[in-house]
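This report looks at how two protein chains meet, and then at two local sites in one of them. Please keep the structure in view while reading.

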Amino acid sequence: MFPIVAREEMAQGTVILNEIEAPLIARKAKPGQFVILKANEEGERIPLTMAETDPAKGTITVIYMVVGKSTALFKDLKVGEGYQDVIGPLGRPTHVEKVGTVLCVGGGTGVAVLHPITRAMKAAGNHVICVIGARNKGLLILEEKMKAASNDLRVCTDDGSYGHHGFVTDIVKEVLEKTPVQQVVAIGPVPMMKAVSAVTKTYNVPTMVSLNPIMIDGTGMCGGCRVSVGGKTKFACVDGPEFDGHQVNFDELTKRLRAYCTEEKQCYEGYCRLND
Amino acid sequence: MTEKMEKQDKKGRVPMPEQDPNVRKRNFQEVPTGYTPAMAQEEAARCVQCKKPGCVEGCPVSVDIPGFINLVTKGDFTAAIRHIWSMNALPAVCGRVCPQEIQCEGKCILNKKGLPVAIGNLERFCADYEREHGTGALPPKAAPTGKRIAVVGSGPSGLTVAGDLIQKGHSVTIMEAFHKPGGVLVYGIPEFRLPKAIVAQEVNFLERLGAEVKCNAVVGRTVSLDELFEEGYDAIYIGVGAGLPSFMNIPGENLIGILSANEYLTRANLMKAYKFPEVDTPIPLGKNVAVLGAGNVAMDSARTAMRLGAESVKIVYRRSRDEMPARKAEIHHAEEEGIEMMLLTNPVRYLGDESGRLTGMQCLKMELGEPDASGRRRPIPIKGSEFEIKTDLVIVAVGSGANPLLTQSTPDLALNKWGYIQADPETGKTSKRGVWAGGDIVTGAATVILAMGAGRAAANSIHKYLTWGW
Ligand SMILES: Cc1cc2nc3c(=O)[nH]c(=O)nc-3n(C[C@H](O)[C@H](O)[C@H](O)COP(=O)(O)OP(=O)(O)OC[C@H]3O[C@@H](n4cnc5c(N)ncnc54)[C@H](O)[C@@H]3O)c2cc1C
Ligand SMILES: Cc1cc2nc3c(=O)[nH]c(=O)nc-3n(C[C@H](O)[C@H](O)[C@H](O)COP(=O)(O)OP(=O)(O)OC[C@H]3O[C@@H](n4cnc5c(N)ncnc54)[C@H](O)[C@@H]3O)c2cc1C
Ligand code: SF4
Ligand code: SF4
Ligand code: FES
């Protein structure tokens with residue numbers, strides 16, 4: 001078993017943080033890599049990016065949004081309980097180098113994934129500007145940590161309850177108008193990454209996105225995670241999860257993410273009924 | 001064969017009892033139910049105990065077939081299984097999945113009349129008898145040598161290496177990327193052909209002998225080969241299989257409803273998705289299913305789809321029946337279960353709707369031309385023969401390649417041009433000191449028994465190395 005040593009609820013209980021004992025993975029993991037977790041014998045294999053690792057303590061931290069049966073089950077795990085299986089580190093680490101100014105854009109739980117990358121970009125000597133967004137103030141996560149990890153943090157909410165009233169793309173445009181930026185990193189819901197990539201394309205700034213297709217093994221043996229990048233099929237678990245946002249076929253990804261929507265609904269409703 | 005002929009030919013094979021096709025096509029229980037001791041003895045008595053047995057030549061690991069069959073005839077099943085074990089560590093598996101018709105049974109002298117001794121059925125019987133009636137006593141183990149071996153991959157190849165080396169007194173750790181050990185035996189071959197309890201028991205046997213099984217260990221990611229040496233392992237065996245799915249590379253392949261056989265079978269077998277929603281992993285339920293390819297993997301996929309309630313299941317294959325690479329028994333079982341064979345047909349594009357879901361497939365009719373490099377007649381498209389079939393689930397089972405995950409992280413391991421590891425065919429030694437490899441990652445997708453044979457050869461070589469040096 002991989003025990004949970006610390007647990008936190010964020011964004012009004014819709015987002016959960018688990019710090020998990022996994023010394024072998026903690027020792028090897030780099031920013032941008034993910035793990036696959038399975039709660040119990042009947043459980044599904046669920047990919048989550050590592051938001052933090054502590055090699056000395058031998059722990060990794062995941063931050064996830066509760067969206068269906070498996071993440072709801074994860075939410076119910078208490079400190080001292082744990083996951084039956086944790087596999088990783090998987091995927092290619094983020095390519096971090098000193099390029100000048102980097103603009104990091106995060107939406108929803110994507111901010112958790114963006115955090116270690118932001119920190120690494122700054123540590124590499126880049127000037128890092130961050131834009132993070134959420135639907136409303138209550139759903140915003142990791143604001144303090146992102147502030148510490150970057151040189152300049154901007155916040156927006158869809159409903160205007162906090163920071164800029166509007167989408168992250170508004171601020172991305174504003175920044176790109178005023179400042180020369182060498183690299184954009186955009187991580188969040190697929191529509192957000194699609195929109196940011198469309199904006200940065202017009203400014204011709206290289207843009208990296210992190211894709212989240214449905215996965216099983218995470219080692220390149222099933223092909224379930226295939227995505228189209230520049231007209232070619234890639235396996236996100238081994239070729240990614242990070243890709244050039246200007247090449248990604250986001251519409252295909254959006255459709256493929258809905259492959260099991262009927263089954264997922266059935267499964268989640270069953271679980272909710274059981275816990276009522 | 002008609003019933004009358006069967007009665008006339010007193011020496012006909014004792015048929016294997018099987019579940020009725022109409023019942024079994026909707027359940028996941030094993031299809032053949034196994035010989036009774038009386039049936040086994042009757043079948044064993046057909047063996048004429050050849051002085052120069054062709055059957056042994058046909059078996060890649062040279063099981064002493066007349067020897068064990070003689071013991072079955074006498075009713076000494078315990079001695080028979082011990083006899084088999086000396087050459088083959090997984091007879092319960094091999095008896096079920098070896099392509100006997102081109103191996104042992106293919107070379108049996110009685111095959112001249114088309115009725116070879118049912119060697120596979122007998123091997124399976126002995127193993128099952130031992131499992132159900134045996135004492136479970138462990139074989140003797142040599143004194144500890146203090147040497148440590150890491151076996152990467154827990155398929156038949158890795159399990160064989162582990163079993164051999166632990167009995168020679170070495171300490172063995174098996175590292176498996178998945179959360180369950182067994183390789184293809186667990187994630188690929190379905191329950192109705194190889195019950196998972198059998199594989200679990202084989203793994204448990206190794207654990208009782210003292211082998212350590214570490215799951216969730218993706219070698220190349222969680223730990224590298226060099227780090228394993230730094231941790232103090234004296235030798236490493238790589239048996240990671242050929243786990244890279246091939247696709248057709250035709251338009252529309254990323255529509256929802258097109259899965260590699262690896263994905264489909266992993267969902268069904270490893271994740272037990274056929275029990276959804278009792279388990280959390282879903283599997284697409286197709287109404288009109290098409291399976292591309294005609295090997296064992298294709299048959300397993302097609303029969304799984306039938307069991308999951310499909311209205312129709314087609315095998316779509318570009319060559320003819322004679323070239324189908326699957327075991328004869330599987331093709332026969334598949335047809336009995338109502339699976340259609342759409343031969344000399346090749347898909348050219350997939351068709352979908354606005355939501356990105358598969359609705360059909362455009363195919364071409366083929367004809368056979370001159371033999372190609374593989375010696376099989378080359379399929380050639382017939383011009384203007386395009387036609388469409390309606391399908392909502394396509395399972396692509398057209399082969400697999402070398403997964404580069406481990407080899408990419410080990411640059412000093414020599415590969416061939418297809419990415420398979422280069423290893424000495426006699427010993428399994430690779431270009432990297434202290435590292436052996438065998439099974440599908442060396443030969444490309446092959447068979448269980450060949451993977452085990454490679455494991456045994458490597459185990460002998462590793463033992464020599466640990467005793468005498470490289
Ligand atoms: C590389 C990678 C990293 C990820 N990192 C994070 C993260 O750090 N934080 C976070 O909140 N989420 C992350 N995700 C998404 C997360 O895996 C899904 O939200 C989760 O699997 C949903 O499972 P569920 O059973 O709770 O929901 P379900 O009801 O099963 O599904 C809800 C939606 O999640 C997606 N999904 C379902 N099953 C899978 C699966 N096996 N693999 C991937 N997606 C699936 C589908 O689009 C589905 O419509 C990541 C995904 C990938 C591929
Ligand atoms: C569906 C199907 C049906 C088949 N039917 C038959 C049949 O009827 N008869 C027959 O003889 N053969 C059959 N075969 C072929 C046979 O199963 C294989 O030839 C055999 O399993 C190869 O054994 P192996 O030990 O080399 O590898 P595998 O059985 O593939 O095992 C390799 C193991 O290594 C693990 N692994 C991979 N990468 C890593 C890594 N980096 N770190 C740690 N672990 C790793 C994998 O997860 C896997 O568990 C079938 C194959 C399939 C897929
Ligand atoms: S191991 Fe396979 S080929 Fe050899 S005797 Fe047994 S069934 Fe036949
Ligand atoms: S070839 Fe056939 S008859 Fe001869 S020993 Fe082998 S199994 Fe028996
Ligand atoms: S998840 Fe199976 S290949 Fe990527």
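How many salt bridges does the rule find across the interface of chain B and chain A?

## The interface of chains A and B

The model examined here is predicted. Across the interface of chain B and chain A, the rule finds 3 salt bridges. In a salt bridge at 2.9 Å, N to O, the side chain of A:Glu41 meets that of B:Lys180.

On the side of chain B that touches chain A, the elements giving two or more residues are strand S5 (244-245), strand S6 (258-260) and helix H13 (261-270). The largest share, 4 residues, comes from H13(B). By class, the residues of this side are 20 nonpolar, 13 polar and 11 charged.

## Extent of the interface

The size of an interface is often given as the accessible area lost when the parts come together. Chain B and chain A bury about 3500 Å² between them, with 53% of it on carbon and sulfur atoms. In chain B, the most area is lost to chain A by B:Arg221, B:Asn254 and B:Asp280, together 23% of what that side buries. In terms of contact, 44 residues of chain B meet 47 residues of chain A.

## Two sites in chain B

The shell around ligand 4 has 10 nonpolar residues, with no polar and no charged ones. Among them are B:Cys47, B:Cys50, B:Cys55 and B:Cys108.

B:Glu105 lies in the loop between helix H7 (91-97) and helix H8 (119-133) of chain B. B:Glu105 counts as buried because its relative accessible area is 9%, and the limit for buried is under 20%. Beyond its neighbours within four places in sequence, B:Glu105 is in contact with residues including B:Arg13, B:Gln100 and B:Asn111.

Methods: Residues are numbered from 1 along each chain as its sequence is written. Chains are lettered from A and ligands numbered from 1 in the order in which they are written. This is a predicted model: local features need pLDDT of at least 70, side-chain atom pairs count only at pLDDT 80 or more; totals for chains, interfaces and linings use all residues. Side-chain values use heavy atoms; hydrogens and water are left out. A residue is near a molecule or strand if one of its heavy atoms lies within 4 Å of it. Ala, Val, Leu, Ile, Met, Phe, Trp, Tyr, Cys and Pro count as nonpolar, Asp, Glu, Lys and Arg as charged, and the others, Gly among them, as polar. Buried means under 20% relative accessible area, exposed over 50%, partly exposed in between (1.4 Å probe, protein chains only). Contact means heavy atoms within 4.5 Å. Buried area is the accessible area (1.4 Å probe) that two parts lose on being put together, summed over both. A salt bridge is a side-chain nitrogen of Lys or Arg within 4 Å of a carboxyl oxygen of Asp or Glu.
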